[in-house]
Amino acid sequence: MSAGDSDVQDQLARERDQLARERDQLVEERDQLARERDQLVEERDQLVREKDQLVEERDQLVREKKQLVEEKDQLVEERDQLRQVKDQLTKENEELQADNSRLTVEQRVLNEKVTELQKKIEDLVWERNTPRCPQGWKTYMSTCYQHSSVRNTWEYANQNCASQGSHLVIFNDEAEEKLELSEQH
């Protein structure tokens, strides 16, 4: 081997060593890229899972929103019905208050008429119970009496009373009899 061969060999060995280092560096870069790829794949898978979870949450929120809209629509309908009922009840209440006022006035008028009629009845009862006895006759407990000082038969006395539109006395109690007897003396 010559010196030139030895230089070529050294040169080739250096190139070989250089290529081995480059190969090792490329293998290391490849391994690094593989790790980064695996990490990116893992991050991508994590993002896909998060995306799926977000899609599921979004779908759940959409369903809840739809349900809330339906409930809102139902509540609006119920509110409108309640307003109609309230309006109807308010109208009925106003009518009842007007009827109540009218009936109160009618009741007052009727009470006044009842009071007036009671007064008339009392006056009529008093007039009826206060006999208008002919002159010379006596009054006792709404009855007119005439004491006769002439003695006659019962038959004559009864006919005499009948001719005057009266009848012979029948004493109803001791007080009436005592009054009649006291009148005779």
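**Reading salt bridges in a predicted helix model**

Visitor: What does R102 count as at 42% relative accessibility?

Guide: At 42% relative accessibility, R102 counts as partly exposed, a class that lies between buried (under 20% relative accessible area) and exposed (over 50%), computed with a 1.4 Å probe and protein chains only. This is a predicted model, in which local features need pLDDT of at least 70 and side-chain atom pairs count only at pLDDT 80 or more, while totals for chains, interfaces and linings use all residues. Residues are numbered from 1 along each chain as its sequence is written, and side-chain values use heavy atoms, with hydrogens and water left out.

Visitor: Which residue forms a salt bridge with R102, and how far apart are the closest N and O atoms?

Guide: A salt bridge here is a side-chain nitrogen of Lys or Arg within 4 Å of a carboxyl oxygen of Asp or Glu. The partner of R102 is D99, and their closest N and O atoms are 3.5 Å apart. Both residues belong to helix α1, 3 residues apart, or about one turn of the helix; helices are DSSP runs (H or I, at least four residues) numbered from the N terminus. D99 is itself partly exposed, with a relative accessible area of 33%. Through salt bridges that share partners, D99, R102 and E106 are joined into one network.

Visitor: Which elements of the chain have the lowest and the highest mean pLDDT?

Guide: pLDDT is the predictor's confidence in each residue, from 0 to 100. The mean over the chain is 87, and 91% of the residues reach 70 or more. Among the elements, helix α3 (residues 174-184) has the lowest mean pLDDT, 62, while α1 has the highest, 93. Where pLDDT is low, the predicted coordinates should not be read in detail.

Definitions and conventions
Helices (H or I, at least four residues) and strands (E, at least two) are DSSP runs, numbered from the N terminus.
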